[in-house]
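Please look through the sequence and the model shown here before reading on. The paragraphs that follow lead from one chain to the contact between chains, and then to some places inside the other chain.

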Amino acid sequence: MSDFLLTAFIYLAAAVIAVPFAKRLGLGSVLGYLIAGVVIGPHLLGLVGGHGTGTGVQDVAEFGVVMMLFLIGLELQPSLLWRLRVTLVGLGGLQLVLTAAAVAALGVAVGFGAKPSLAAGLVLAMSSTAIVLQSLQEKQLLKTPAGQSTFGVLLFQDVAVIPILAFLPLLATAPIIPGLTAGAPADHGISRLPGWAQAVVVLAVVGAIVALGRFVLAPVFRIIATTHLRELFTATALLLVVGVALLMEMVGLSPALGTFLAGVVLANSEYRHELEADIEPFKGLLLGLFFITVGAGIDFNLLAREPALIASLVVALLAVKFLVLFGLARAFRLATADGLLFGLALAQGGEFGFVLLGYAQSHGVMTPDQAAPLVATIALSMAVTPLLFVFYERALRPRFAGAATVSDPPPDSGPAPTGEHPVIIAGFGRFGHIVGRMLRANQIEATVLDHDSDQVEVLRQLGLKVHYGDALRLELLHAAGAARAKVFVITLADRAKSLALVALLRQHFPRLVILARAVDRTHAYELIRAGVEHVYRETLGSSLDLGVDALRELGFPAYQARRQSLIFRRYDERALRDLARVHDDKSTYFTRARQHISNLDQIMRADLEQLPEPEDSGWDPPPTGDTTRD
Amino acid sequence: MTAPHRVLVLFAHPAVQKSRLNVRLAAAACGAPGVTFHDLYETYPDFNIDVPAEQARLEAHEVIVLQHPFLWYSGPALLKEWLDLVLERGWAYGPGGDRLRGKLLLSAITTGGAESAYARDGHNRFTMRELLAPFDQTAHLCGMTYLPPFVVHGSTHLRDAAAIDAAAGDYRRVLLALADRRIVPGRVQGWPRLNADLDALDLAP
């Protein structure tokens, strides 16, 4: 137990110290974690083991990548994935083949041997999903053309791992080393099956995940939601991710790919934002842990023994991959700045590289002596990636960003493909849903949050996009896109919650325009005093409408009745804001309130009692004295 | 004899509770046989005009009367909104816009000033016909015949119940005559106002 606590303490302390430091220097969180890993790793402080030694930690850390892909899946509508198909297959496939070929050719040229060279090519063609996506997300580049292409290639690599694992044993030159199976995928996976059976298994698993997401998960989440136990929902979300990952591992597929798929299936679900909010902190921590283990895993002994070899390998790897990627980017008509980002982003080796290298060794494709420098090269290339991003931002983008597509989100900031909307509505009962329908009728989609799972289900069946969740959770607000929305509509009937939400929004999203429903006058005072400019007393409009009709029934001309109600409303809204200031002081409040009521009476009576046009209406010449008539 | 004309009175008064004269004209129009009386401010107090319903109503009548007080040398705001929305291009004017063609348009107006004030050398510098040019041209563009206006001048001076009764009676006579097609546009075309000399029109009461 204390051992666990000590380990946790070391990792957490390293992260808490290093990451803010790196952020302050503008280097991004990924580099911060990597540096933390190097510092606490076996070669500096020696507080934790290197790569592969603390395997428990390593497994947990790699789960961060799995969670990240689940979250990315949640943000990807299936339609967007379909639009990415050219990038995915074309760009991804060509990148893998060309990079592997180029690396293999280099390997053969320096006498590494044909088969190990080809294996090294396939291994090094992989890029680091974790580092690249985390960095792109942090810099808000994921939705740019370069970001989308990068993502497509990474996704393709994830899929490509499966055939590569099947292919690598064919390159064996030495007998299988039975002791060296650590880190290699379990051998009971589908790689033992014949090709057609593998295809069947893959399709069956994918189908199972889609069916699970479509038909099973929504009712399950609904039942869990009705318990109103937040931690139970979190547990269910984690269970889902862990379960899918486990299923994928059992059949020998990539867990990251499986959870990604589960995420995509759930992208249209009402529980999407709540799931995001639940998984996000776990993903962040585990991914940080993953980066720390990469940092700790850099073999400084090898680096010290052969600095020139490792350095040239790293440079060669980055250069070859960058050239291939940049060439492809241009062939696929990306702008220069986008192509540069795309090339630099994917130039490093990836975490799959470690797995494949372990597998290659255990199957006699490479000797440990051949593999060790490659492991160091991949780790170092991953470590310099955040620096390449900094280099791109500071040096390349200013020069090439004439095509400004890279830095800015897509110019058409209408409904974003990820489903982020300019309006968020919290509470979708009888008040909120009219607001939502009104906006929708005007082609404005709103992100709707409601905490009543039955209500959410009913509205979903009516075809309205409503998300389940407690709007008072900051993570949920982030997931719903509060940082980028323009307008936030609060229609919660619970006044305490409504006021708490106002406070939360004003603290974290001061730019949002808040429009709030007030359940009664006191609530309206409280909202005004909390700084809400747009306050709507829920019964005011209907009461005035009824008053208008009552006047009409009593013989008032319709337009006159209407004007009276408008005059009443304008005065009462002003009085409301005045009374909000003195609401606490009861005696002043009642004096002032009585004064307002009598003022209003006078104003309205004045409008009614105004005499018909006077004799000298001004349309005639001024009277000359004796022409007055009765 | 051909079928009688159907007459539509579009009444626009933003403050009927303050009107002495125009409401009396409205009352006179209200019960007249063959006359449809339509109160715009009563129907659309929030200015939310139902365009298809208004157009259908126009199509069902041959004579359109715009009855309103003369406010700032024009009609009340809702009447302008009505013109803006209802007389659509392609319906009332422009390509294919022939649905009002051949109808008669009459302005029935009460003014604050005396008739003498609406003259070149008067207080208001223009004649009523000149000031009503926008309505005249609106009718022309829609292929309608614009009749000389029915004007009751000096409403602010008209405190005498008998004079008001007379004006209301005249108005009713004109509306009935329009329904019976006893007013021939060609014969009155140059008149300053339709009610200048009702006897000359030879209208049976």
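What percentage of the 205 residues of chain B count as buried? The share is 51%, where buried means under 20% relative accessible area, exposed means over 50%, and partly exposed covers what lies in between (1.4 Å probe, protein chains only). This is a predicted model, in which local features need pLDDT of at least 70 and side-chain atom pairs count only at pLDDT 80 or more, while totals for chains, interfaces and linings use all residues. Residues are numbered from 1 along each chain as its sequence is written, chains are lettered from A and ligands numbered from 1 in the order in which they are written, and side-chain values use heavy atoms, with hydrogens and water left out.

Chain B has eight helices and six strands, these being DSSP runs numbered from the N terminus, with helices (H or I) of at least four residues and strands (E) of at least two. Along the sequence of chain B the elements follow the pattern β-α-β-α-α-β-α-β-α-α-β-β-α-α. Among the contacts in chain B with a separation of 6 or more, 76% come from residues 24 or more positions apart, a contact being heavy atoms within 4.5 Å.

The next topic is the place where the two chains meet. The size of an interface is often given as the accessible area lost when the parts come together. Between chain A and chain B the buried area, meaning the accessible area (1.4 Å probe) that two parts lose on being put together, summed over both, is about 1900 Å², and carbon and sulfur atoms give 54% of this area. Chain A brings 21 residues to the contact and chain B brings 22 residues. The count of salt bridges between the two chains is one, under the rule that a side-chain nitrogen of Lys or Arg lies within 4 Å of a carboxyl oxygen of Asp or Glu. In this salt bridge the side chains of Arg552(A) and Glu42(B) meet at 3.7 Å, N to O. Seven residue pairs, with both residues at pLDDT 80 or more, are in polar contact across the interface of chain A and chain B; a polar contact is a pair of N or O atoms within 3.5 Å, where within protein one must be able to donate a hydrogen and the other to accept it, and residues adjacent in sequence count only if both atoms are side-chain atoms. On the side of chain A that touches chain B, helix H24 (residues 558-582) of chain A gives the most, with four residues.

Aromatic rings also cross between the chains. A pair of aromatic rings is described by the distance of the centres and the angle of the planes. Rings of Phe, Tyr and Trp (its six-membered ring) pair if their centres lie within 6.5 Å, with planes under 30 degrees apart counted as stacked, over 60 as edge-to-face and the rest as tilted, and over all chains the count comes to 21 aromatic pairs. One of them is the tilted pair of Tyr559(A) and Phe47(B), at 5.9 Å centre to centre and 40 degrees between the planes. This pair runs from Tyr559(A) in helix H24 of chain A to Phe47(B) in the loop between helix H2 (40-43) and helix H3 (51-59) of chain B. Tyr559(A) counts as buried because its relative accessibility is 17%, whereas Phe47(B), with a relative accessible area of 24%, is partly exposed. The pair of Trp619(A) and Trp72(B) is edge-to-face, because the ring centres are 5.2 Å apart and the planes stand at 80 degrees. Trp619(A) lies in the segment after helix H25 (586-609) of chain A, and Trp72(B) in the loop between strand E3 (63-69) and helix H4 (77-86) of chain B. Here Trp619(A) is buried at 17% relative accessibility, while Trp72(B) is exposed at 67%.

Chain A remains to be visited at some other places. Asp578(A) also lies in helix H24 of chain A and is buried, with a relative accessible area of 14%. The side chains of Asp578(A) and Arg581(A) are joined by a polar contact of 2.6 Å. Leaving aside neighbours within four places in sequence, Asp578(A) is in contact with Arg592(A) and His596(A).

Helix H7 (residues 129-138) of chain A is largely enclosed by the rest of the structure, because eight of its ten residues are buried. Just after H7(A), Gln140(A) takes a positive phi of about 55 degrees.
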